[in-house]
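Open the model in your viewer and keep the selection tool ready. This tour goes stop by stop, with something to select at each one.

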Amino acid sequence: MLSVKVELLVTDPNAALSLSVLAGRRGLDRRLSVARIQKPGLALAGYTEQIHRDRVQILGATEIGFLERLPEAERRSVLDNLVSIQPACIVVTRGLPVPPDVVRLCEEYGVALLRTPLVSSAFIQRVTKYLEEQLAPTTSIHGVLMDVLGVGILLLGKSGIGKSEAALDLVMRGHRLVADDIVDIRKKPPDTIFGSGSDIIRHHMEIRGLGIINIKDLFGISAVRDTKKIELVVELVEWREDEEYDRLGTEDLHYSILDVRIPHLRIPVRPGRNITSIIEVAARNQLLKLQGHHSAREFQERLNRAIAESRPRGFASEEVE
């Protein structure tokens, strides 16, 4: 199971949570395995059965105010019930002063006690988004990812079939490279797939006979982007005379990545075919489909109507007789 160290919430600048450690540094090694957080209001009232140890526990103005109004002995008791469960960490929001009993118990049980100047709603939004990104399922695929007319197209095919050459031609037509060779893929809830290039080879491309080139340096910053949602998979396959290829486009194929089904096209490659133009038109056609226009099916419907209208009257009844 994927998990994230509590320490990352404090040290990772991408989290942007503005957290400081007040106590329980031993607990920074604890791990978070879900993106959801908890506000332990009922736990402070004595009901602790639904407290999850792998979640962030938040004490906001309501919780701190409730604790301050409790008699000292009762406050120690409810806090001991909460901290003794040893949740992943406890975060105090709004920069509020922390009751000394909370500091003492977190240090005693080794639970990281953190504080942020952010209000509870803003902190919950940021930490949830950060944890969703960190805990999202990931994989890597050998291929090329392009942004063509705003459509994220993943080019697949065996080595040497011409994926990078087609991508280079697309860049020269004004489209954008996301990743070449290895595409790192991340799933964002509920069913969205994003691809990016690895840090080492980002913005670079390998062209056989030419070597490694830097697309950003050659064509400028507008020719690249760091990440893109994958909306169409185009698989380049070698042309075979004995194989039938889709000539109408009425049947929709899908390619599964991390259990997400993505529209899939198989494009046969042979000398004389302009693969770049086909990919570009595929992107335009995908945009039409997203707007509810399926050209192939609309054509088939018109063809069926024309055939039906061209039949002589009484043709159907004569057949029945």
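Is Thr 276 buried or exposed? Thr 276 counts as buried, because its relative accessibility is 4%. Buried means under 20% relative accessible area, exposed means over 50%, and partly exposed lies in between (1.4 Å probe, protein chains only).

Before going on, note that this is a predicted model: local features need pLDDT of at least 70, side-chain atom pairs count only at pLDDT 80 or more, and totals for chains, interfaces and linings use all residues. Residues are numbered from 1 along each chain as its sequence is written, and side-chain values use heavy atoms, with hydrogens and water left out.

**Stop 1: around Thr 276**

Thr 276 sits in helix α9. Helices (H or I, at least four residues) and strands (E, at least two) are DSSP runs, numbered from the N terminus. Now select Ala 166, Asp 169, Leu 170 and Arg 173. Thr 276 is in contact with these four, leaving aside neighbours within four places in sequence. Contact means heavy atoms within 4.5 Å.

**Stop 2: helix α7**

Select α7, residues 163-172. This helix is mostly covered, with seven of its ten residues buried. They are Lys 163, Ser 164, Ala 166, Ala 167, Leu 168, Leu 170 and Val 171. Then pick Gly 174, which follows α7 and has a positive phi, near 105 degrees.

**Stop 3: the largest core**

Select Met 146, Ile 153, Met 205, Ile 215, Val 234 and Ile 279. They have the most contacts inside the largest nonpolar core, which has 27 residues. A nonpolar core is a set of buried Ala, Val, Leu, Ile, Met, Phe, Trp, Tyr and Cys residues joined through side-chain atoms within 4.5 Å. Elements that each supply at least two residues of this core include β8 (138-148), β9 (151-156), β12 (204-207) and α9 (275-290). Helix α7 gives the most, with five residues.

Zoom in on Met 205. Residues up to four places away in sequence are not counted here. Among those Met 205 touches are Ser 164, Ala 167, Leu 168, Leu 177, Asp 180 and Ile 215. Apart from this core lies another, of 24 residues, among them Val 6, Val 21, Cys 89 and Leu 135.

**Stop 4: two cysteines**

Select Cys 89 and Cys 106. How far is the sulfur of Cys 89 from the closest cysteine sulfur? It is 9.6 Å from the one in Cys 106, too far for a bond. A disulfide is a pair of cysteine sulfur atoms within 2.5 Å. By this rule the count is zero disulfides. Cys 89 is buried, at 0% relative accessibility, and Cys 106 is buried, also at 0%.

**Stop 5**

Pick Leu 79 in helix α4. Leu 79 is buried, with a relative accessible area of 1%. Leu 44 is 35 residues away from Leu 79 in sequence, yet their C-alpha atoms are 6.9 Å apart. Contacts of Leu 79 beyond four places in sequence include Leu 44, Leu 67 and Leu 105.

Next, select helix α3, residues 61-68. Its buried residues are Glu 63, Ile 64, Gly 65 and Leu 67. The elements that cover them include α2 (41-44), β5 (56-59), α4 (72-83) and β6 (89-92).

**Stop 6: salt bridges**

The structure holds 14 salt bridges. A salt bridge is a side-chain nitrogen of Lys or Arg within 4 Å of a carboxyl oxygen of Asp or Glu.

Show Asp 147 and Arg 225. Their closest N and O atoms are 2.8 Å apart. Asp 147 lies in strand β8 and Arg 225 in the loop between α8 (215-219) and β14 (227-229), so the pair ties together parts 78 residues apart in sequence. Asp 147 is buried, at 6%, whereas Arg 225 is partly exposed, at 27%.

Move to Arg 266 and Glu 235, where the closest N and O atoms of the bridge are 3.9 Å apart. Arg 266 is in strand β17 and Glu 235 in strand β15, 31 residues apart.

Finish with Glu 108 and Arg 104, which meet in a salt bridge at 3.6 Å, N to O. Both lie in helix α5, four residues apart, about one turn of the helix.
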